[in-house]
Structures are given as C-alpha cells and as structure tokens.
Amino acid sequence: MSKELIRLRNLCMAFDDDPVLNNINLYINDKEFLTLLGPSGCGKTTTLRIIGGFTTPTSGDVLFDGVRINDVPPYRRKINTVFQKYALFPHLNVFENIAFGLRMQRRSDSADPAGKKQVRIPESEIQERVMEMLEIISLKGFEHRKPDALSGGQQQRVAIARALVNRPKVLLLDEPLGALDLKLRKDMQIELKRIQQQVGITFIYVTHDQEEALTMSDTIVVMDKGSIQQIGTPEDIYNEPKNAFVADFIGESNIIDGLMVRDNLVQMYGKQFPCLDGGFADNEPVDVVIRPEDIDIVSVEQGQLAGTVTNVTFKGMQYDIIVDFRGFKWLIQTTDHCPVGARIGIKIDPDGIHVMKKSSYSGMFGDYSSFSEEYDELDDASIGSDEEERGDET
Ligand SMILES: Nc1ncnc2c1ncn2[C@@H]1O[C@H](COP(=O)(O)OP(=O)(O)OP(=O)(O)O)[C@@H](O)[C@H]1O
Ligand SMILES: [Mg+2]
C-alpha cells in the first residue's frame, strides 16, 4: 500500500477577487503518477504552482508528509519542476546540463562533527549520478552533445534528467510534451511512464489532452472552472464518469435525458432499458451516457430504438455514423457500413449504459448535431426531414 505524500486541504485561490480555485481537496500518494486534466484556464498550472511553492494560496493548506508547508520556499521543498518551455543551457553539453544542479549544491561535511562546514559534492559522485541519469533517459553516449544537436524529444529527456538528478521526492510536469509533434509525444508518454516507474518517485502531471492522461496515469483528477469534477483511475473516469462534463471531456459520449424508473431500469425516449446502475430514487431524472462503441446496429424490428443515418465517415478501423433519434443526434462507431438515409435499429447491452446524477452540466453536452452539421455542409446531402418526423420509433 502506498502512503500519502501530499495533501491539498480546502485550497482556494483568487486573483484580484476572481476565484480560480474553489476548495480543492486532494491527496497524492508516494510513487503515484497523478494527472491534473482539464480545459484551458481551469486552474491546473495554478494548482501545480501552489504545490511547487511558486504561488501562495488565498486560503487552505498544502501538507507534505503530514507537515504544513505553505510557508516553505520552493528550493526547500523536496519537489522539482519541468516546465513546458524547458530551457537547457545552450552553451553547456548534455553532461554539464544535467550536472548543473549538483555542482551548485553544498551539503554538510560528514568529516565535520559539528556538521557546520559546507562542502561541494565530489566530482566522482557527480560523474556517477549523471551517468546513472543518462542511462535512465537512454542517452548514454550523448554526454558531449550540445542541446542544439539534439531532437526535441531528446532535449526534453535531458530536462527531465536535470530535474531528477537532485533526487526529489516529487516531480511536477506542466504540459512537458506540448511542444512535440504527435508521434514523438506518443513515444515520450511511454518513455516518461517508464522513467517514473524506474526511479520510483511521485509524478504530478498537467495536461489538457485526455488521451495522454488515460495512457500514463495511475490517477486522473478532472478539473473544470477551478473545481475538481472527479478523481479516479483512467478506467473509473472513462467507464463511470460522474457528470456530463467528465463524460464529454473524456472520449466520445452520447448523453441522453433519462428517468431512473427503479434500480437497473432506465427510461429514454419513453422506452425502458435494463442497466446495471442503482442507488437513485425511483423516477429520478438522470443523464444517461452511452459510448459510441457500445451500440449495436440491428434491423428496425429488432431494435430498442430506431433512427435515421444522417452522416457516415470512414475512420480506417471503423465508421463514425451519426444517427438521428427524434432530432437528437447520436454518434455510433461500427464496422458495419450503413448508407446515409437508412433506417436502422439499435441495441444497447445493460453494461453499455451508464447513469449519472443530474448536474449543472446537464443538457450542455452529448448531442452530435453540430458535428453532423459540418458534414452536412460538405455533403450538401439533405436527407428527408420527413423521416425525422415519422416518430415511429419501435
Ligand atoms: N498571475 C495571474 N494573475 C491573474 N490571473 C491569473 C494568473 N495566473 C492565472 N490566472 C488566471 O487563473 C485561471 C487559471 O489559470 P491556469 O494557468 O491555472 O489555467 P490552466 O488550467 O493551467 O490552463 P492552460 O491549459 O491554458 O495552461 C485563468 O483564468 C488565468 O487567467
Ligand atoms: Mg497551464
């Protein structure tokens, strides 16, 4: 069992009376890879800066190993930071860039019984620790290169080694892969996860890229407008989103107005669907999430609902099709081809349905009309609106 390392308690932050963090409560375990995920401006960097000690919260506490560290300056925290714009020293080679922090360090002399005398780290130890880092970031043999003779991904790995060589307990990473192209980003995601596991320290990672968060994290903290919306494993967040914001932000989702008839039975479009959810009041209004890959296309007669295909896009592995159910457009991902204009039936297994409490986000997300309008403009294919008006859903 990992133990708790950092705790944010009732953390609030405001700039000029403008609140940007609202009562953040969160703990982070030792050796955990935790990601703060959310749209631009939701307060991720501000949260990270408070943990690093670069910003003082308006109220609330930061605890490290159970001790309040609000007033501890950044350089006294066992925390290091890698920023998006990592600035390596251009005139120093890779070895010296990594060694820089060690060369600056002074520590008490073990030969001095009073422990007052401060000495530099011996050259032999610097050599050893930098070479160990080069091994970890897979850049052995690159020690004499200057930063401008490295690729973007290699430079980023040097920046990480430079932050790790001082052996912090926690590494803060603020969109560290933002400047890299997609292919390199993907490689570096795997590389970063490996490095984190190998050195065995806590990573607190900030991104607005949901796929990146799902790939790397032990725990994801989804934020919006300065508040935590959900904390969970990637699987939890994807399969059991707490509200319409999380469901929409993570992956693709159809979000439909529903009524929880009773445990394990939800009603949509006036039809009842068996599901696995419970714990709601009978006849409580709810939001229902159905992922596009969880919908089976069947004949109209066999379907739980029937609708009209309005758009079809070939995506290589599958088709993305937009289906109109009484004016509400769903996204369905399928390997079966259905032509535009076709009437289809759909079936959803009970475990493909996820029921959520109503929230302030209800009704804001989950309809693919705007998505389909873009295609309508391209196609100029107007499929009979009379189809939609039939209203003969089975
Ligand atoms: N020093 C500051 N003074 C005033 N407002 C600030 C300051 N720093 C951040 N803000 C505001 O606080 C809010 C949160 O900013 P923050 O940088 O934490 O967002 P973010 O989630 O990191 O966004 P992004 O993904 O764009 O980096 C924003 O509205 C921002 O304008
Ligand atoms: Mg930011």
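How many helices and strands does the protein chain have? The protein chain has ten helices and 22 strands, where helices (H or I, at least four residues) and strands (E, at least two) are DSSP runs numbered from the N terminus.

## Getting your bearings

Welcome to this structure. It is a predicted model, in which local features need pLDDT of at least 70 and side-chain atom pairs count only at pLDDT 80 or more, while totals for chains, interfaces and linings use all residues. Residues are numbered from 1 along each chain as its sequence is written, and chains are lettered from A and ligands numbered from 1 in the order in which they are written.

Taken along the principal axes, the C-alpha atoms of the protein chain fill a box of roughly 90 × 45 × 40 Å. Of the 394 residues, 35% count as buried. A residue is buried if 20 or more other C-beta atoms lie within 10 Å of its own, exposed if 12 or fewer, and partly exposed in between, with C-beta atoms placed from the backbone. Among contacts between residues at least 6 apart in sequence, 68% join residues at least 24 apart; two residues are in contact if their C-beta atoms, placed from the backbone, lie within 7 Å.

The largest nonpolar core has 92 residues. By nonpolar core we mean a set of buried Ala, Val, Leu, Ile, Met, Phe, Trp, Tyr and Cys residues joined through C-beta atoms within 7 Å. Those with the most contacts inside this core are Ile98, Leu171, Ile204 and Val266. Helix α4 (residues 152–164) gives the most to this core, with six residues. Because domain 1 (4–236) and domain 2 (252–389) both give residues to this core, it lies between them. Ile98 touches Val130, Met133, Val158, Ala161, Arg162 and Val165, if residues up to four places away in sequence are not counted.

## A closer look at helix α4

With its 13 residues, α4 reaches 19 Å from its first C-alpha to its last, close to the 18 Å expected at 1.5 Å a residue; the expected span is 1.5 Å times one less than the number of residues. Is α4 mostly covered or mostly uncovered? It is mostly covered, as ten of its 13 residues are buried. Among them are Gln155, Val158, Ala161 and Leu164. The partners that the buried residues of α4 pack against are β6 (79–82), α2 (94–104), α3 (123–136), β9 (170–174) and α5 (182–199).

One residue of helix α5 to look up is Gln189. Gln189 counts as buried because it has 20 C-beta neighbours inside 10 Å. Leaving aside neighbours within four places in sequence, Gln189 is in contact with Leu177, Glu212, Thr215 and Met216. Gln189 and Ala213 are 24 residues apart in sequence and 9.4 Å apart in space, C-alpha to C-alpha.

## Two open sheets

Strands of a sheet pair through backbone hydrogen bonds, either parallel or antiparallel. Here two strands are said to pair if DSSP finds at least two bridges between them. One open sheet has five strands in the order β17-β21-β18-β19-β20, with antiparallel pairing. Its edge strands, each pairing on one side only, are β17 (295–298) and β20 (328–334). β19 (residues 319–325) and β20 are joined by seven bridges in the antiparallel sense, and Tyr319 has Thr334 in β20 as its bridge partner.

An open sheet of four strands runs in the order β2-β1-β4-β5, again with antiparallel pairing. At its edges are β2 (18–29) and β5, each pairing on one side only. Two bridges link β4 and β5 in the antiparallel sense, and the bridge partner of Leu63 in β5 is Arg68.

## Two loop residues with positive phi

Most residues other than glycine have a negative phi, and most peptide bonds are trans. Asp65 is not a glycine, yet has a positive phi of about 55°. You will find Asp65 in the loop between β4 (59–64) and β5 (67–68). Asp65 counts as partly exposed because it has 13 C-beta neighbours inside 10 Å.

Asn264 also has a positive phi, near 65°. Its place is the loop between β13 (254–262) and β14 (265–268). With 15 C-beta neighbours inside 10 Å, Asn264 counts as partly exposed.

Note on methods
Domains from an automatic or database assignment.
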